[in-house]
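Trainee: Could you take me through this model, starting with the aromatic residues and then moving on to whatever else stands out?

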Amino acid sequence: MSAGTDRRTLLRLAAAGGAAAFLPGLGAGRALAQTPPPAPASEGGAAAPAVERHGLSSFGELKYPKDFKNFDYVFPGAPKGGTFSQIGPTAAYNQSFQTFNSLNGYILRGDGAQGIALIFDSLMVRASDEPDAVYGLVASSVSISDDGRTYRFRLRPEARFHDGTPLTAEDVAFSLNTLKAQGHPLIRQALREFTGAEAEDKGTVVLSFTAQRPRDVPSYAATLPIFSKAYYGKHKFEETTLDPPLGSGPYKVGRFEVGRFVEYLRVADYWAADLPVNRGRHNFDVLRFEYFRDREVGFEAFKARAYLFREEFTSRAWATQYDFPALKTGRVKREVLPDETPSGAQGWFFNTRRAKFLDPRVREAIALAFDFEWTNKNLMFGQYERTWSFFQNSDLMAKGLPSPAEEKLLAPFRDALPAEVFGEPYVPPVSDGSGQDRALLRRAAALLKDAGYTIQQGRLVDGKGTALTIEFLDDDGAFERHTSRFIANLKLLGIEASFRIVDPAQYQARLKDFDFDMVVRRYSVSLNPGDELRAYFGSEAARLPGSNNLSGISDKVVDALIADAIAAQTRADLVTACRALDRVLRAGRYWVPQWNKASFWIAYWDVFDRPAVKPKYDRGTPDTWWWRKGIADPPPVVEPGPASPQKDG
């Protein structure tokens with residue numbers, strides 16, 4: 001089955017707080033930015049009291065003023081009720097697309113249930129029409145010290161957990177300190193420059209950071225879940241569990257069946273329902289996440305109305321299978337929504353921890369065996385563009401010759417970098433579309449020869465006589481057709497390659513332990529990336545079990561450029577650092593880039609309404625949609641059989 005862009009990827013580090021952050025979206029009602037201005041001196045020479053702010057952002061100004069009533073992309077009068085059911089399109093931390101066996105989504109162990117973040121509140125919440133702005137939820141305001149190292153959050157006294165107990169500064173401090181000490185490695189890494197949280201009193205919590213803290217870490221910490229300290233006084237945080245945790249958010253855990261579905265029930269008396277950041281959101285009484293083991297079964301279940309919303313990731317299905325009766329009669333709607341977020345970097349990633357992939361010439365030779373033009377035409381109906389950048393379709397992507405500012409960053413490392421870094425950035429060559437471009441295969445063979453490989457009895461071997469083999473690892477067959485043609489070309493080079501499908505639990509375990517040759521992954525960074533760059537490409541992450549640095553990139557130049565990006569004081573400086581970083585990463589040949597498209601393919605049963613304006617940087621589902629008035633409540637959900645979701649490309 002043809003696969004498309006893999007939107008079902010691990011979210012960036014800010015997943016707990018919402019969607020990724022993107023380009024500045026400035027508007028009326030400008031407010032103060034996150035970076036604090038110097039405090040003016042009073043008549044006595046002492047610093048003036050810190051200004052309290054209703055929101056934070058890394059660059060620029062906030063779109064919404066202090067007295068805003070609701071986000072522009074919601075309908076504040078949306079009715080409540082009905083069900084929104086789907087196959088979850090994204091996953092974060094320990095979540096799997098194939099199954100779940102735990103309701104603890106913030107540790108490394110187990111497979112967390114998708115949607116578990118819905119039961120927890122956070123200090124602040126992201127706006128989906130701004131690049132990286134967050135606004136007060138549990139926190140009514142925040143003040144920042146002159147040196148930017150201390151953030152003092154004032155909490156709303158009405159904040160409550162679902163059992164009616166108050167949510168206090170003690171709970172916030174406990175949550176952030178626990179996540180830093182015992183949370184998923186991705187969380188711990190992101191909080192490395194967070195030194196701790198302390199309750200100043202019941203209504204005030206103080207977060208402290210090192211002088212080296214990345215600019216986005218305070219906002220990230222402010223969007224992490226808040227747990228009940230009393231609840232975890234009786235439960236071990238670091239253990240997997242199927243006991244629904246105590247939360248304070250808009251939903252609580254409802255029915256679930258391990259590996260098949262999980263439901264979240266709207267909290268009717270949710271304490272924060274009428275806050276500006278929540279007005280017009282969380283409109284469904286039930287949010288349900290489905291898990292299907294087989295992709296075809298999952299699609300048939302949608303056609304049978306077993307669930308109501310589907311984002312399609314498979315080009316062949318989108319082109320040929322949406323012709324069933326309910327769609328023809330209008331009971332099912334099909335739409336293409338614009339995707340204004342960066343396309344991200346999707347491809348087959350090499351595990352460079354393995355000696356056979358250490359030489360970039362070997363990696364480039366392998367990549368030359370993939371014929372994108374043939375694949376796009378014959379398997380994906382020509383609906384995709386080739387990806388070549390780690391910042392694809394954004395202004396962070398390197399183009400042309402380095403600018404003087406990029407040259408300045410790269411110059412100290414000239415002796416350690418390939419010459420191409422200082423020229424045009426690497427772009428994969430265009431094939432002749434035959435599926436077996438002989439010119440590219442000859443080029444690949446030459447690179448392998450230069451790397452010390454020879455053909456012996458039809459097998460490509462190194463100087464020690466060890467054959468070069470590759471196992472493409474996956475947990476379903478979504479990419480098998482794409483990979484099979486790739487494998488056929490590799491065999492022409494004498495490389496023994498195979499495609500192996502393992503069960504979801506084994507797949508996740510092997511990824512966490514970096515026990516693979518090559519896997520498909522899609523990295524999607526924000527347009528204001530910060531500490532997430534360390535998680536994807538930094539040397540420390542290369543050694544961290546469960547990290548997103550699957551390729552094992554460990555390069556001092558990469559680390560230095562990441563540090564430049566994190567330390568950028570203006571967006572122009574950030575763009576320069578990321579473009580320089582993109583050049584170095586692309587020169588490293590750490591992946592075989594695949595494809596991208598700038599749209600969402602969605603289909604849904606015609607029982608929903610939605611605002612006229614989609615949030616600029618998100619689909620808006622299910623967050624801003626609602627059950628249409630006059631439509632009967634949904635029938636009991638059909639249980640279609642053993643299930644877990646597809647892993648599309």
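Trainee: Are Trp-348 and Trp-595 buried or exposed?

Mentor: In this predicted model, Trp-348 is buried and Trp-595 is buried as well, where buried means under 20% relative accessible area, exposed over 50% and partly exposed in between, with a 1.4 Å probe and protein chains only. Before going on, note that local features need pLDDT of at least 70 and side-chain atom pairs count only at pLDDT 80 or more, while totals for chains, interfaces and linings use all residues. Residues are numbered from 1 along each chain as its sequence is written, and side-chain values use heavy atoms, with hydrogens and water left out.

Trainee: Where is Phe-100, and which ring does it pair with?

Mentor: Phe-100 sits in the loop between strand S3 (83–87) and strand S4 (124–126), and its partner Tyr-291 sits in the loop between strand S12 (286–290) and helix H5 (295–303), 191 residues apart; helices (H or I, at least four residues) and strands (E, at least two) are DSSP runs numbered from the N terminus. Phe-100 has 0% relative accessibility and so counts as buried, and Tyr-291, also at 0%, counts as buried.

Trainee: And the two Trp rings, why is that pair called edge-to-face?

Mentor: The ring centres of Trp-348 and Trp-595 are 6.4 Å apart and the planes are at 90°, so the pair is edge-to-face. Rings of Phe, Tyr and Trp (its six-membered ring) pair if their centres lie within 6.5 Å, with planes under 30 degrees apart counted as stacked, over 60 as edge-to-face and the rest as tilted. This pair links distant parts of the chain, with Trp-348 in strand S15 (residues 345–350) and Trp-595 in strand S23 (residues 595–596), 247 residues apart.

Trainee: How many aromatic pairs does the structure hold?

Mentor: There are 58 aromatic pairs in the structure, and one aromatic cluster includes Phe-292, Phe-299, Tyr-307, Trp-318 and Trp-601.

Trainee: Which Arg residues lie over a ring face?

Mentor: Arg-288 lies over the face of Phe-261, 3.8 Å from the ring centre, and Arg-589 lies over the face of Tyr-426 at 3.5 Å from the ring centre. The criterion is that NZ of Lys or CZ of Arg is within 6 Å of the ring centre and within 35 degrees of the ring normal.

Trainee: Changing topic, what does Arg-571 touch through its side chain?

Mentor: The side chains of Arg-571 and Asp-395 are joined by a polar contact of 2.9 Å, meaning a pair of N or O atoms within 3.5 Å, where within protein one must be able to donate a hydrogen and the other to accept it, and residues adjacent in sequence count only if both atoms are side-chain atoms. Arg-571 belongs to helix H17 (residues 571–587) and is buried, because its relative accessible area is 14%.

Trainee: What about the nonpolar core, how many residues has the largest one?

Mentor: The largest nonpolar core has 141 residues, and those with the most contacts inside it are Leu-123, Phe-153, Val-205, Leu-207, Tyr-264 and Phe-472; such a core is a set of buried Ala, Val, Leu, Ile, Met, Phe, Trp, Tyr and Cys residues joined through side-chain atoms within 4.5 Å. Another core of 44 residues lies apart from it, with Phe-422, Leu-511, Leu-574 and Leu-581 among them.

Trainee: And what share of the whole protein is buried?

Mentor: Buried residues make up 61% of the 649 residues, in a protein with 17 helices and 26 strands.
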